[in-house]
Amino acid sequence: MAKSVAPALEPTQPPARQTYASVSDRIADLVLKRRSRWPWFLGFTLALLCMLAFCVACAVLFWKGPGIWGVNIPVAWGYAIGNFVWWIGIGHAGTFISAILLLLRQHWRTSINRFAEAMTLFAAGIAGIFPVLHLGRPWFFYWLLPYPNVMELWPQWRSPLVWDIFAISTYLIVSLLFWYIGLIPDLATLRDRAKTRGRQIVYGLFALGWRGEARHWARHQSAYLLIAGLATPLVVSVHSVVSLDFAIGNTPGYHSTIFPPYFVAGALFSGFAMVLTLAIPLRHFFRLHDLITLQHLENAAKVLLATGWLVAYGYLCEIFMAYYSGDRFEMYVVKDRLAGPYAPVYWALLVCNVLVPQVLWWRKARRNVALLFVLSLVVNMGMWMERFLIVVSSLHRDFLPSSWGMFHPTGWDWTHLIGSIGTFALLFLLFVRFLPAISIYEIREQLHEQRKEGA
Amino acid sequence: MASYGMLAEFASADELLEAARRTRAAGYRRIEAYSPFPVHGLVEALGPHRDRIPLLTLIGGILGGAGGYFMQWYSAVISFPINVGGRPAHSWPSFIPVTFELAVLGAALFAVGGMLVLNGLPTLYHPLFNVEAFELASRNRFYLCVRCSDARYDAVEVERHLESLDPLLVQEVPA
């Protein structure tokens, strides 16, 4: 049977006029038919250069050791750990959108969950690299895993660093499974619509022979929903465990019970900012204005505002608890942040994370796409500064003034940070080129539910 | 005659649902339905279906959690006890994070593995893929297939029955 090619839809066309065929073709053809234009190639080239810089930086690191970074005693944790916490946090919004909003039956998530899950996977993968790079002898990273070895040693189960590797690996695997089983029906759509033999084979292999049989769907949906249910506590546990890397230690500024919820709120905050950073160019360049609507952006902006206040509460609580505790070292950490050598970073993060997002109280601001994009970048930057400040400010002046010191980032510190951003961008650009950035079957299902018809 | 079954094509989910109900009411038992998205109530219309994924997920979670806890207990108490300032070797609160993560991991692996195994995936070759129209099963068309292994299967009868359901197309699927 000859396939009819649906006409391209106008950006203003309401979703009610779309059909199963038109949405399927439209999203599938972004991958199969659409030729990449210069903005994609430009982005790809820049991201590739950053990724190569990242590889060079890693090679130099392996050759010379962490001395190429600015870390030293007393500040032994620098950008690498800050970057790790930042990236893993960014990943969390993807899980939040795809799992928690699925369980809460928030139907608006359908057009943004797929690329948010991809974002989770890439961000968590990049996050996982940093602690390994930081090890000093990264080729022994597998010593963190329990495996039979001639030394007859086991990991230290009482250490949060061991909890961390279990949390991050579980998170990566579960995110990958969740993303992949959601993709299977869409890969089948691509397989059936692909015209060239090579694509039919590649998409066909990854689609695993999916046919859409009713019992298969029932099991698929059951597994999908259960994994969403599992991912919900998992995502909370992951960033809580990350925060325990700090909170279990007795360093002033780290040793605090607010850390787990404060880290999770910060994770959602930075993650939703990254969702906006990715969604706005995606809908602009692929003309997906009718699928990723202003309403989606506005909802994300509202979440940003709400989680921003949770983060602000965390900042306030830290200051209050430091003085309430009466502990001189805790109080000194606050004073040092407000007026010490890293004070500009502290004030800048307050501006970025607390002050600037307040424009989102205005509906006009929430529906201003350019403003949202800039704001999302500001929040991303602010959250990175927060992670940096948490890691560095407590370490550089802890107890004895004679052992105080400073951290000065080197060129390699910056190369690893910018290189990791480029690697993330590269993965995302490849993802939008080769896989459907919007879940096709869920959009079809939504159309069916909306109108109970639409062949 | 060697064939897989008789396939009928429908334009909408509701027609497929109705067709599935009427085919089952007509006495056919080995029926399959194909749709481009999960259709609510379709599985029940095809006959009794027991969803075993939740149980498998639970088993995976229990195995992962229990195995994870056992691993930590065995290594910290039996295999290599370390005395840290007189603290108990079996310091269970510290074992909880890894136990939880491994329980989630086990449950997720069983959920996905169970889904794939029970669905018989991957199946890269399937007789239905020989039907040219079936490409649309992943786009906008809905299919009902009566398997020729059905006790009451008779090509002429089945074709007449499926034609009575007002389909877009009826076609025999070669094995």
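The model is predicted: local features need pLDDT of at least 70, side-chain atom pairs count only at pLDDT 80 or more, and totals for chains, interfaces and linings use all residues. Residues are numbered from 1 along each chain as its sequence is written, while chains are lettered from A and ligands numbered from 1 in the order in which they are written.

**Exercise 1.** Determine how helix 3 and helix 8 of chain A pack.

*Solution.* Step one is to locate the elements: helix 3 of chain A covers residues 79-103 and helix 8 of chain A covers residues 259-285. Helices (H or I, at least four residues) and strands (E, at least two) are DSSP runs, numbered from the N terminus. Step two is the geometry: the axes are 7 Å apart and the packing angle is about 75 degrees. Helix 3 of chain A is therefore roughly perpendicular to helix 8 of chain A. Angles of 65 to 115 degrees count as roughly perpendicular, under 35 as roughly parallel, over 145 as roughly antiparallel and the rest as oblique. Axes are lines fitted to C-alpha atoms, for helices over the stretch in contact, and angles run from 0 to 180 degrees between N-to-C directions. Step three is the contact (C-beta atoms, placed from the backbone, within 7 Å): helix 3 of chain A contributes residues including A:Trp86 and A:Phe96, and helix 8 of chain A contributes residues including A:Leu268 and A:Phe272.

**Exercise 2.** Explain why the buried residues of helix 10 of chain A line one face.

*Solution.* First, list the buried residues: A:Glu330, A:Val333, A:Val334, A:Asp336 and A:Arg337. A residue is buried if 20 or more other C-beta atoms lie within 10 Å of its own, exposed if 12 or fewer, and partly exposed in between, with C-beta atoms placed from the backbone. Next, look down the axis of helix 10 of chain A: the buried residues fall within an arc of 160 degrees, so they line one face. The arc is that of the directions from the helix axis to the C-beta atoms. Finally, the face turned away from the buried side carries the exposed residues A:Arg328, A:Lys335, A:Leu338 and A:Ala339. The cover over the buried residues includes helix 9, helix 11 and helix 13 of chain A.

**Exercise 3.** Describe the side of chain B that touches chain A.

*Solution.* Begin with the totals: 56 residues of chain B are in contact with 54 residues of chain A. Then find the contributors: helix 4 of chain B gives the largest share, 15 residues. Lastly, sort this side by class: 35 residues are nonpolar, 14 polar and seven charged. Ala, Val, Leu, Ile, Met, Phe, Trp, Tyr, Cys and Pro count as nonpolar, Asp, Glu, Lys and Arg as charged, and the others, Gly among them, as polar.

**Exercise 4.** Is B:Val158 buried or exposed?

*Solution.* B:Val158 lies in helix 5 of chain B, residues 155-163. Because B:Val158 has 23 C-beta neighbours inside 10 Å, it counts as buried. Not counting residues up to four places away in sequence, B:Val158 touches B:Met6, B:Val146 and B:Tyr153.

**Exercise 5.** Characterise the backbone at A:Pro74 and at A:Arg105.

*Solution.* A cis peptide bond joins A:Ile73 and A:Pro74, with omega about 10 degrees. A:Pro74 belongs to the loop between helix 2 and helix 3 of chain A. A:Arg105 has phi near 55 degrees, a positive value in a residue other than glycine. A:Arg105 is in the loop between helix 3 and helix 4 of chain A, and A:Arg105 counts as exposed, with 7 C-beta neighbours inside 10 Å.

Note on methods. Two residues are in contact if their C-beta atoms, placed from the backbone, lie within 7 Å.
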